[in-house]
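This briefing goes through selected features of one protein structure, topic by topic. Please keep the sequence and the 3D view at hand while reading.

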Amino acid sequence: MENITGGLPMTTAVTIAEFRKDLRRLIDSALTGREIICMDAKSRDRQTCSLIKTNLLLEMLQAYIFKPKVFYDQETKTHNIHLDELKLYAYADTLEEATEQIIDLAIDYARDYINRLELFLNVPDRKSHYPYVIRLTHCQNTNEVKKLIFGS
């Protein structure tokens, strides 16, 4: 195991073999707040992945806030909700229907995004949706999704 930062002992890099061998200890270390970076020593592109405490991840993701635009369109006589962070838009006769629609759209989009992650992460205007999608995937039900999108 080595410290890849060259100084500060906050990040630990391990090979896949070391990760397998010391999994329990590395998880315990990650749960203290240390980031564990796992790398394939045999890989040509040297991509890495991180093991990080979930609560810390969620705290970092709090910077990604949904800012729904809710308005009534006089011309079409519809209630509109635009969720620009995910490029989702709902239009309905009532505000309640538009709210339900945007929540359903967000849930469906998050599910599709995760199911086709490699595609979405390689599309420039969709890659930036990743932190918002991760926040959505940590919601336990539609009420939590509503709270996340619209606040309390």
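The model is a predicted one.

**Salt bridges**

- Asp84 pairs with Lys69 in a salt bridge, with 2.5 Å between the closest N and O atoms. Asp84 sits in the loop between strand 5 (78-83) and strand 6 (88-92), while Lys69 belongs to strand 4 (residues 69-73), so this pair ties together parts that are 15 residues apart in sequence.
- Asp84 has a relative accessible area of 32% and is therefore partly exposed. Lys69 is also partly exposed, at 45%.
- Arg24 and Asp28 are joined through their side chains by a salt bridge of 2.7 Å, N to O.
- Arg24 counts as exposed because its relative accessibility is 52%, and exposed means over 50%. Asp28, at 39%, is partly exposed.
- Asp112 and Arg116 form a salt bridge in which the closest N and O atoms are 2.8 Å apart. Arg116 is partly exposed, with a relative accessible area of 40%, and Asp112 is partly exposed at 28%.

**A patch of negative charge**

- Which residues gather in a patch of negative charge on the surface? They are Asp93, Glu96, Glu97, Glu100 and Asp104.
- Glu100, one of these residues, is part of helix 4. Its relative accessible area is 53%, so Glu100 counts as exposed.

**Helix 7 and its cover**

- Helix 7 spans residues 130-137 and is mostly covered, with six of its eight residues buried.
- The buried residues of helix 7 are Pro131, Tyr132, Val133, Ile134, Arg135 and Leu136.
- What covers these buried residues? The cover includes helix 3 (54-61), helix 4 (95-115), helix 6 (124-127) and helix 8.

- His129 lies in the loop that runs between helix 6 and helix 7.
- Is His129 buried or exposed? With a relative accessibility of 2%, His129 counts as buried, because the limit for buried is under 20%.
- Leaving out residues up to four places away in sequence, His129 touches Glu85, Leu86, Lys87, Tyr109 and Tyr113.

**Phe150, in helix 8**

- Phe150 is found in helix 8, which covers residues 142-150. Helix 8 is also among the elements that cover the buried residues of helix 7.
- Phe150 has a relative accessible area of 29%, so this residue is partly exposed.
- Apart from its neighbours within four places in sequence, Phe150 is in contact with Pro68, Val70, Ile81, Thr99, Ile102 and Ile103.
- Ala106 and Phe150 are 44 residues apart in sequence, and their C-alpha atoms are 12 Å apart in space.

Technical notes. Residues are numbered from 1 along each chain as its sequence is written. This is a predicted model: local features need pLDDT of at least 70, side-chain atom pairs count only at pLDDT 80 or more; totals for chains, interfaces and linings use all residues. Side-chain values use heavy atoms; hydrogens and water are left out. Helices (H or I, at least four residues) and strands (E, at least two) are DSSP runs, numbered from the N terminus. Buried means under 20% relative accessible area, exposed over 50%, partly exposed in between (1.4 Å probe, protein chains only). Contact means heavy atoms within 4.5 Å. Patches are made of residues with over 30% relative accessible area and no salt bridge: like charges are joined within 9 Å, nonpolar side chains (Val, Leu, Ile, Met, Phe, Trp, Tyr) within 5 Å. Accessible areas come from the Shrake-Rupley method with a 1.4 Å probe; for residues, only the protein chains shown count as cover. A salt bridge is a side-chain nitrogen of Lys or Arg within 4 Å of a carboxyl oxygen of Asp or Glu. Lys and Arg count as positive and Asp and Glu as negative; His and the chain ends are not counted. The place of a charge is taken as NZ of Lys, CZ of Arg, CG of Asp or CD of Glu.
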